[in-house]
Amino acid sequence: MRARLAGAFAVAALSVLPIVWMAATALKPPGEYVSGSTALWPRAPTLMHLEALAAARVWRLGLNSLVVTLGTTLVALAASLPAAYALARLSFPRRLDMAFLVFILVVKLTPPIVLAVPLYQVLRGLGLLDTLGGLILAYQIYALPFAIWMLLGFVRDVPVAYEDAARIDGAGTARILLDIVFPVMAPGIAATAILVAVAAWNEFLFAFLFMQSPSGFTLPTAIATRINEDETLWGQLSALGLLASLPILCLVGIVHRALTRGFAGGLA
Amino acid sequence: MGAARLRLLLLIGPAAAILCLLSVYPLARLLVLSFTDSDHGLAGARFVGLENYAELAASRSFRVSARNTVWFTVMATASEVLAGLGLALLFDRAFPGRRALTLALVAPFVLSTVVVSAVWRAWFHYDIGFLNVALRSIGLPGVPWLFDPDLALGSIVLVDLWQNAPFCFLILAAGLRAIPPEVTEAARIDGAGAWRRFRDITLPLLAPYLFIAALMRSLDSFKLFDKVYAMTGGGPGNATETLSMHVHRLAFRYFEIGLASAAAIVMIVVAALLAGLYARALLKEGAR
Amino acid sequence: MRGLPVRRSILALAAAASLASALPATAQERLVIAGRDAAFGQALAKMVEAYQAANPGVRIERLELPGGALYERIALNARERTRALDVVMLDDIWAPEFMANGWLADIDRLGGVQGAFVRSADAVSRRTADGPRFAVPFVGNVAMFAYRTDLFARHGLARPASWAAVRAAAETLREKEPGVTPLAFRGMRGNPIVTGFLPILGAFGGAVVDAQGRAALDNEAALAALTYFLSLKPLTPRGIETWNATEVREAMEQGRVAIAIEYWPGWAGTLDDASRSRVVGQVALIPAPGETRGPAPMLGAWMLGVAADSPNAARALDFIRFATSPEQQKRMAIETGNPPALAPLYADADLVRAYRWYPAQAEALELAQPRPRITQWNRVEAILGEHLQLALIGQMQPREALAEANRQIARALAR
């Protein structure tokens, strides 16, 4: 028991150490973080990096991240819930369901860098370049395959008997979905929503390529711009990294529950 | 069209439409460009047939990238699944503070790759990085984490392990929880030792979860780009260049769009083969 | 299930809110400037501030991007003709390509910009020697050479007058000064290692492309330069193959290396900043030395141009005139340390007092060699960068590396 606790504590400490280092560096003056000492805690803590970020009005970027995250999640759920239901319950002609699932996985496997340039042209053609709406659309490439994949398992967990009963009572598909299937799946939907949201919040590549004006940047892009050719602003980078991670770290309990449910439900 | 077909269309339509818009056109473009010699796009491209593919097959750096990608995928997946298994077993019994320590364990997984790459890049610095400074403070020599060609890719595996072992931990912990305690109890009463119980009961019941964890991690590792781009840029030499990095370099540094497209198509074909395997397994699960 | 209607309406509200805020905003007179980050970004920021104060009716948006990303952004917008950019900041090496592709507006035809620009920077802002001007020099950047005067004085070493002298000095320091690594450069693959190598190549009489525009690395001069470059490796810190600007700067400022063969004026400002530097007043910047030929410091001038498809070209030109005026250039130098593009300012008393290396920099700018004026430089640089690094880590012999690089560069130039 004690060995178990010690082991668990050691592993948890290793997991958290880099994050603590980042938090400490955010408060260290430049002289200290280039000096190469193991001292985690700053000798002369300073708020200069946080002040620099506030002067750069970084809260506006946080708002962009929030808008994109919420939008992506909502659009992804709206599209993937019916699709997951169809794939799980309905029969498709000519094994199209298998084909669709393979297609989804291929999309999931395609390296984002490969899709980036043609996607740029698609967004430009639609007039959605440099808009948060365009980013929300582009993120469906990540979000939809993942959401469909996860929700597929959860749909299967809903006992068919419930739907059969409702159908005998004369309910149409929309009724069945909204009043029976989705409510029963609610924990699974929440789990999927949380994971899609986390991925959208953290995404970097498309945000960097498709948002042109600095006022439209999201938090990960802002973090990446702290590494420039001439120097790396470790203090600001750490502070920004911490601020971007803090909301999610606070929700880690919820994310944990979502993931656990996701794997228990999706696989059983 | 029958009512059933219409319903099918309405349900799967939105998702299918969005995905087609965002992937079919780009993929079609990629396919067409892979048969051309171009430095920008379709305008001004010259048709060259299978020349790009032949060039990739003969290209030393493409083969190095492919080898690096396979090595990384295998090492990252194996280490993450094993670590996840170990952690799941460690956290399987209740002990004081388990909830809080579990949250600490999961924390790395929710961070952005930009943040993770930046922090670890600082830690890997030979002179003043946290790791080497710590090693030297206990009398050990510093390790050339990112600039020894033999170690660099392993260092990136280490970072990936740190970030993604929690993911495998969660899957396998769910799997362990799904094992009915009566089964292991019965085995214990029958006199089977801890190792026997693990090998003959736990492991087989855990098999589907191990499979899922391994498959998900290997699909993700295959795409590796962000961490390499941020930490080594593919160097030293070509030691950490993965297929995604290779495609990026061809497209954005050398402007060999035709060649980059061909390399991308090769990646997608390999991915599709893996995907086919997995889709069949997933649908079979559902039918059971 | 009771809570479902409430939850649904909250969801609907959130959806509406996020979609609404995702719609593009309405426009007014807009000026979009695509520029660099870091010190250049600071310079532009202050200019934008000043210009905005003088012109409140204009809404100015400034993109801050690292070099590679800036190039990609400008190229992508120009190719797609998005009309999204007005003022673009460009490296002198991009100028041949941008001018050849017609991505920059003819400044003279728009009204022209007058100024006593540094000769070498002025030359690269035109397509031909007395042709029209397509860009205006903004920052007079040139690669310089940095060394610790205190350590050199302590061991009786003179200011290095040739590359051979540099190596001799480094070897002396390796023996006599064990706490300090003698020499550092940027060894990372690609632009960093090429930038460090080019002044050496020039000093040994080599060139990447000859006067006829053909690949010229397969000769004795280039081999001598590369052999010399590789002979410096034992004098550098471990891991030099992954070093970029951050590592070199930090090593110099923390006193861990004595010589940096490539040091940019934009980096020099923090050398004398006591809050982060341990070598205040002890580092001198000089033009890079010569060898068989005279010094060949690499010109890295940054210029401002007007995008050919800019919807607001007149305003763009007005901003450029503002940014390259003597008052603004002097202010830029004083406040952000960016070297000005106007030659007379290098003799200005205030500036020399603030930046003790300005006379040396003026000298370097006179001798500065631009990179080859070819449109395919990006590709050539990537090829050279890869092979230089393979030679540096010992995976290729120098002769083989040069031959292979030459072969691939010849192919790239032929397209």
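1. Two residues are in contact here if their C-beta atoms, placed from the backbone, lie within 7 Å. Keep in mind that this is a predicted model. With that cut-off, take the contacts in chain A between residues at least 6 apart in sequence: 74% of them join residues at least 24 apart.

2. What is chain A built from?

3. One helix pair in chain A is worth a look: α7(A), residues 132–157, and α9(A), residues 173–202. In general, two packed helices are described by the angle between their axes and the distance between those axes. For α7(A) and α9(A) the angle is about 150 degrees and the axes are 10 Å apart. Angles over 145 degrees count as roughly antiparallel, and α7(A) and α9(A) are therefore roughly antiparallel to each other. Their crossing is right-handed.

4. Who makes that contact? On the α7(A) side you'll find, among them, Tyr139(A), Tyr142(A), Phe146(A), Met150(A) and Phe154(A). The α9(A) side includes Val181(A), Met185(A), Gly188(A), Thr192(A) and Val196(A). By class, the residues of the contact of α7(A) with α9(A) split into 14 nonpolar, two polar and no charged.

5. Now for the neighbours: how many residues of chain A are in contact with chain C? It's 24 residues of chain A, against 31 residues of chain C. Three elements of chain A give two or more residues to this side, namely α2 (30–33), α4 (58–89) and α7 (132–157). The largest share, four residues, comes from α4(A). Sorted by class, the side of chain A that touches chain C has ten nonpolar, ten polar and four charged residues.

6. Chain C itself is assigned two domains, and each is listed as two segments: domain 1 takes 30–141 + 299–367, while domain 2 takes 144–298 + 376–414. Their C-alpha centres lie 27 Å apart.

7. Where do the two domains of chain C meet? 14 residues of domain 1 are in contact with 14 residues of domain 2. On the domain 1 side, helix α16 (residues 358–367) of chain C gives the largest share, five residues. The class count for that side of domain 1 is eight nonpolar, five polar and one charged.

Note on methods:
Residues numbered from 1 in each chain as written. Chains lettered and ligands numbered in written order. Predicted model: local features only at pLDDT ≥ 70, side-chain atom pairs only at ≥ 80, totals over all residues. Nonpolar A, V, L, I, M, F, W, Y, C, P; charged D, E, K, R; others polar. Domains from an automatic or database assignment. Axes fitted to C-alpha atoms, helices over the stretch in contact; angles between N-to-C directions. Parallel < 35°, antiparallel > 145°, perpendicular 65-115°, else oblique. Left-handed = near helix turned anticlockwise from the far one by under 90°.
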